[in-house]
Amino acid sequence: MNKEPIILGIESSCDDTAAAISKGTRILSNEVANQEIHQLYGGVVPELASRAHQQNIIPVVDAAIKNANISKSEIDAIAFTKGPGLLGSLLVGSSFSKSFALGMDINLITVNHMQGHILSHFIDTGEETPNFPFLCLTVSGGHTQIVRVESPKDMEVIGTTIDDAAGEAFDKSAKILNLSYPGGPLIDQYAKNGNIHAFEFGKPKVKELNFSFSGLKTSILYKIQAENKKNPHFIDENLEDLCASIQHSIVSILLNKLEKAIKQTGITELAIAGGVSANSYLRNELQKLSKRKKYKLYIPRFEYCTDNAAMIAIAGYFKYLNNDFAKQSEIPSARLYF
Ligand code: KG4
Ligand code: ZN
């Protein structure tokens, strides 16, 4: 039997600089350097992100190789995120990867970030992996999609957002509540003790399997502005209820369309992926729904939900098996579709 390939995965599409080493579908190391600088600005500042990637990339790769207990010369291929993402951020990962491939004389592999999120389900964690075809609700800071996954290389987006992404809806709502960036995890935390029915917000009317979150954001903003006029302490006094109600609204929008997709496709193998899949209420509600309707649900481990390079290494592994390699002339793409 051929030896299992060792792949170095590189992720730099937004504000996390990440490197991981995989051997087959096992992850030997998974390193992430978060960029705290953006908290000061209430959102990711693209130019600062590029600079921080430049600073972090060598130390992160170095740590990934050391922690995997391998030597550089054992790496069979390097896989990097080609897009979608911030171009200046993607350029750091792609330039590094191309140089590394050239210097080490190994193959180069490009990975679509969103496909990486989906394929994170095939990381060997000892748990069952989804059977094809399955539906994946891919929810992150930049994307919200329902993807019909036929195989690691055959995926179709059957629903997408027409405006904000689910993660953006969390982060922008959090900003209205004066919470720091990224607000998604904070809303999740405060919502734990809140009443999901305390406040009602506008529901979107979007066709087919598409999503919309911008109306919800406006509805939250108007509510807060009106209440703040009557009581300047409104947010502080109602923070937990506000977070629970906002979270409930976002999750209901997601689940509503997912259920519609299940009905339309007849597929009941379900998976979630992307940063928002770390949300505890979404996980719980999906678990309850799946139990009730006898769907099969796959939820990734927390460390593989938010941006990471393990998912890029695994997606790279599948391309490696198909001899699907990239050229040195490859360039990243801020808007990359599949
Ligand atoms: O996939 P990801 O790490 O980066 C992108 O590719 O965008 O997703 C980041 C998004 C952010 O919007 C963040 O607020 C959201 O995921 N997020 C959460 C939670 N953890 C991360 N949203 C809600 N609840 C969470 N626990
Ligand atoms: Zn992501």
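In strand S1, Ile 6, Leu 8 and Ile 10 point one way. Ile 7, Gly 9 and Glu 11 point the other way. All of these residues are buried. The strand runs over residues 6–11, and six of its six residues are buried, so S1 counts as mostly covered by the cut-off of under 20% relative accessible area. The model described here is predicted.

**Neighbours of S1**

Which strands pair with S1? One is S2, residues 16–23. S1 and S2 run antiparallel, and six bridges join them. The link between them is a hairpin of four residues. Within this pairing, Leu 8 has Ile 21 of S2 as its bridge partner.

Another is S4, residues 77–83. Here the strands run parallel, joined by four bridges. Leu 8 and Ile 10 point one way from S1.

**The whole chain**

The protein chain holds nine helices and ten strands. Its C-alpha trace spans about 65 × 45 × 30 Å along the principal axes. How does the radius of gyration compare with that of a compact globule? For 338 residues, such a globule would have a value near 20 Å. The chain has 20 Å, so the two agree.

Buried residues make up 53% of the 338 residues. Of the contacts with a separation of 6 or more, 73% are between residues 24 or more positions apart.

The chain exposes about 15,600 Å². Carbon and sulfur atoms supply 49% of that area. There are 34 positive and 36 negative charges, and their mean positions are 5 Å apart.

Most residues other than glycine have a negative phi, and most peptide bonds are trans. Some places in this chain depart from that pattern.

| Cis peptide bond | Omega | Location of the proline |
|---|---|---|
| Gly 83 to Pro 84 | about -10° | Pro 84, loop between S4 and helix H2 (87–104) |
| Tyr 181 to Pro 182 | near -10° | Pro 182, loop between helix H4 (166–176) and helix H5 (184–191) |

The loop between H4 and H5 holds Pro 182. Asn 178 is found in the loop between H4 and H5 too. Its phi is near 65°, a positive value in a residue other than glycine. Is Asn 178 buried or exposed? Asn 178 has 66% relative accessibility, so it counts as exposed.

Lys 294 also has a positive phi, about 60°, although it is not a glycine. Where is Lys 294 found? Lys 294 is in the loop between helix H8 (280–293) and strand S10 (296–298). Lys 294 counts as exposed because its relative accessible area is 73%.

Asn 178 is thus an exposed residue in a loop between two helices. Lys 294 is an exposed residue in a loop between a helix and a strand. The residues of S1, in contrast, are buried.

Notes. Residues numbered from 1 in each chain as written. Chains lettered and ligands numbered in written order. Predicted model: local features only at pLDDT ≥ 70, side-chain atom pairs only at ≥ 80, totals over all residues. Heavy atoms only, no water. Rg over C-alpha atoms; globule rule 2.2 N^0.38 Å. Buried < 20%, exposed > 50% of the residue type's maximum accessible area, 1.4 Å probe, protein only. Contact = heavy atoms within 4.5 Å. Areas by Shrake-Rupley, 256 points an atom, 1.4 Å probe, with all protein chains shown as cover. Lys, Arg positive; Asp, Glu negative; His and termini not counted. Charge placed at Lys NZ, Arg CZ, Asp CG, Glu CD. Pairing = 2+ DSSP bridges.
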